[in-house]
Every structure is written in C-alpha cells, then in structure tokens.
Amino acid sequence: MDRPKKPSAIPVSPTIPTPNVSISQDNARVTASLPTGESVEVLLYGATVISWKCKGKENLFLSSKAHLDGSKAVRGGIPLVFPVFGPPPANHATTGLPQHGFARISKWEYLGKSSSESSATPSNTGDASVKLDFGLSNTMLENIPSEWKKYQFGITYSVTLNKEDLETSLAIRNTGTTDWEFHTLFHTYLAVDNISQVSIKGLESSSYKDKTQGGKEVQGTSGPITIAGEVDRNYSLDPSKTIVVAEKNKPRYEISRDMLGDVVVWNPWESKAKSMADFGPEDGYKNMVCVEAGSVLAWNTLEAGDTWEGGQRIQVL
Ligand SMILES: O=P(O)(O)OC[C@H]1O[C@H](O)[C@H](O)[C@@H](O)[C@@H]1O
C-alpha cells in the first residue's frame with residue numbers, strides 16, 4: 001500500500017574516519033596514524049620519535065643498530081636534548097650529567113591524545129590531525145648525578161601529526177623556588193636518499209662554530225650547504241627564518257622554528273659513523289642529516305614558577 005505520509009529516510013552523513021592511537025602491550029611505545037595513512041611512533045624512553053611516515057615515505061633515519069630497549073639513547077629519530085647540549089661544562093649545575101642531558105634517557109609518561117577531524121566527504125578523507133602529549137618531571141627521575149637534583153621541573157612534550165607535517169613542542173616549567181639554566185634541542189635525524197645530493201638552504205652566509213675544528217668561528221659561504229665529509233656546525237639563526245632541505249635541488253623538508261634560535265647541522269660521515277657502536281648500517285651516514293633546532297649556544301634562565309615554550313614544525317614538501 002502506498003503511504004503518502006511515509007517519513008523520509010534520515011540522512012546519514014558519511015562516517016568521518018578518525019585518527020588511530022595505540023599503545024604497545026609492554027607500554028613502551030605509542031603509535032598514531034591518520035586515516036590518510038600518515039603515522040608517527042614514539043618510544044616512552046626519551047619520548048623519542050622513532051618513525052614518521054608521510055606521503056608514503058619514512059622521514060626519519062633510525063640506525064639499524066639503535067637500542068630501542070631503554071638501555072641507551074636512541075641513535076636516530078628525534079632524541080630530545082635537555083637540560084644541557086653536548087658534554088656538560090665544568091662548574092655548572094649540569095656538571096656530571098651525561099652528554100645531551102637526561103631527557104633522552106628518561107622514561108616519560110604518556111599523558112594522552114587529542115585529535116581533530118574536519119568533515120570528510122565520500123571522495124575526501126578529511127584533514128585530521130592528532131596530538132600526543134608526554135610528561136617528565138623531577139619526581140620521575142631516579143638518579144641525577146649533578147647539582148640538578150635539587151631543581152624541580154615539569155615538562156610537557158607534544159608531538160602533533162598533521163597530514164603534511166610533524167610538530168614537536170616543549171613546555172618546560174620551573175616548578176621549584178630556585179631559578180635554573182637549561183639548553184634544549186630536537187636532535188632530528190632527517191632521512192635522505194643520498195647525502196651527496198642534499199643541499200640545505202637558509203643558512204648560507206651565516207657564520208658558525210665548527211666543532212670539527214674545535215669550535216672555531218667560520219664564515220659561511222654564499223651557497224646552500226652541501227655535505228661531503230664530517231659536518232658538525234652550530235649556527236644562530238633568527239627563528240622567523242625557515243630552513244629547507246633539498247635533494248637533487250628539489251625541496252624535501254621545510255623546518256620552521258618557534259623560540260629556537262640555534263641550528264645544529266651534523267653528519268658523522270664514514271669514520272665517525274664506524275666508531276659509533278650503535279650506528280648502522282655502516283654506510284647509513286649517506287641516508288641521514290641531522291638538522292637540529294634548539295636553544296643551545298647560550299643558557300636560557302628559567303625563573304621559579306615560569307614556563308618556557310618552544311617547538312619546531314617539519315613539513316614534507
Ligand atoms: O652521540 P650523541 O651523544 O648522540 O651525539 C651526536 C652528535 O650530537 C650533536 O649533533 C653534536 O653537535 C655532535 O657533536 C654529536 O656528535
């Protein structure tokens with residue numbers, strides 16, 4: 001029978017695919033992926049990002065011999081440097097800490113995720129993103145072999161996976177009653193196909209401290225940086241300026257920085273790579289370049305009760 005008053009079907013909007021976040025059974029790593037296929041993997045040890053896939057490619061170099069069991073800082077990905085960059089100086093609160101500080105060798109806590117989804121249509125999977133938060137505070141550290149043990153702090157590290165970029169940002173809070181000084185840096189190992197075809201744009205003509213020459217101040221040349229031997233340079237560069245890493249002259253990564261006025265460019269090259277027990281494969285130095293955004297050439301003073309915030313965004317071009 002015909003029903004003239006038959007209610008019309010309630011329109012059902014297409015299901016919006018949402019980002020997926022999972023925690024490994026041993027509670028050692030957090031993986032997040034977007035409906036469009038991009039993904040990021042973070043070890044709680046060091047809150048080290050060990051994989052970031054975007055546009056079908058892995059963008060971070062991870063040594064085949066990296067220790068992922070929490071026994072040593074990870075060789076690859078994005079280790080976090082805090083509160084000191086490099087070997088700690090004498091007569092400083094960081095004296096006695098390991099090289100690059102304790103953040104990269106401490107077990108962080110996973111604080112949770114937040115995600116956003118823009119509306120999807122049948123032909124478009126939307127523009128989702130997911131943010132993972134990790135925390136570290138002085139109460140979580142067992143043994144700090146330095147003056148630093150008297151300081152109190154709380155750090156929130158946020159890793160945001162977007163469709164075409166990865167953002168990493170730190171909020172470092174002095175929760176104590178004494179001021180203290182720190183360095184911080186994202187020790188990003190970017191994956192490249194062939195180091196001999198890599199050029200780094202944005203640092204030309206800037207002077208730098210050359211650690212392969214004992215920290216000598218060197219005036220940079222006018223062209224983009226190319227790498228054909230060991231490189232270990234510390235640049236100062238206004239955070240408003242971006243850095244582009246190109247391969248065969250085709251831009252591959254663009255790095256934007258917030259509050260991070262220093263940039264380290266590092267490639268160990270053949271013999272130094274061989275001397276590092278956790279560096280593999282032997283010619284893996286051809287597939288990486290570290291472009292490290294940080295604040296490391298001078299101490300940052302964080303007053304009691306204050307919070308310092310900074311971060312980087314790496315876009316795949
Ligand atoms: O071996 P690591 O402690 O991880 O340090 C690796 C590298 O980190 C930075 O890039 C420094 O500028 C280098 O001098 C150092 O060799």
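Predicted model: local features only at pLDDT ≥ 70, side-chain atom pairs only at ≥ 80, totals over all residues.
**R104**

Is R104 buried or exposed? I counted 22 other C-beta atoms within 10 Å of R104. The cut-off for buried is 20 or more, so R104 is buried.

I then placed R104 in the fold. R104 lies in the loop between β6 and β7, the latter being residues 109-116. Next I listed the contacts of R104, skipping residues up to four places away in sequence. R104 touches G46, T48, A73, P79, L80 and V81.

**R75**

I turned to R75. This residue sits in the loop that runs between β5 (57-58) and β6 (80-81). R75 has 23 other C-beta atoms within 10 Å, so R75 is buried.

Which residues does R75 contact, leaving aside neighbours within four places in sequence? I found S63, K65 and A66, along with D278 and F279.

**The record**

I checked the UniProt annotation. The unreviewed entry lists R75, Q99 and R104 under "binding site".

**Open sheet, β1 to β5**

I traced the sheet of five strands next. The sheet is open, its order is β1-β2-β3-β4-β5, and the pairing is antiparallel. Which strands stand at the edges? They are β1 (20-23) and β5. Each has a single partner strand, so one side of each is left without a neighbour in the sheet.

I looked inside this sheet at β2 and β3. Strand β2 covers residues 29-33 and strand β3 covers residues 39-43. Five bridges pair them in the antiparallel sense.

I moved on to β10, residues 165-174. How many bridges join β10 to β9? I counted nine, with β9 (residues 153-161) running antiparallel to β10. At L161, the residue standing opposite in β10 is L166.

I also followed β10 to β21, residues 307-316. Nine bridges join this pair, again antiparallel. Here T168 has Q312 in β21 as its bridge partner.

Strands of a sheet pair through backbone hydrogen bonds, in a parallel or an antiparallel way.

Notes:
Residues numbered from 1 in each chain as written. UniProt positions renumbered as here; feature names shortened; annotations may be inferred. Helix = DSSP H or I, 4+ residues; strand = E, 2+ residues; numbered from the N terminus. Buried ≥ 20, exposed ≤ 12 C-beta atoms within 10 Å, placed from the backbone. Contact = placed C-beta atoms within 7 Å. Pairing = 2+ DSSP bridges.
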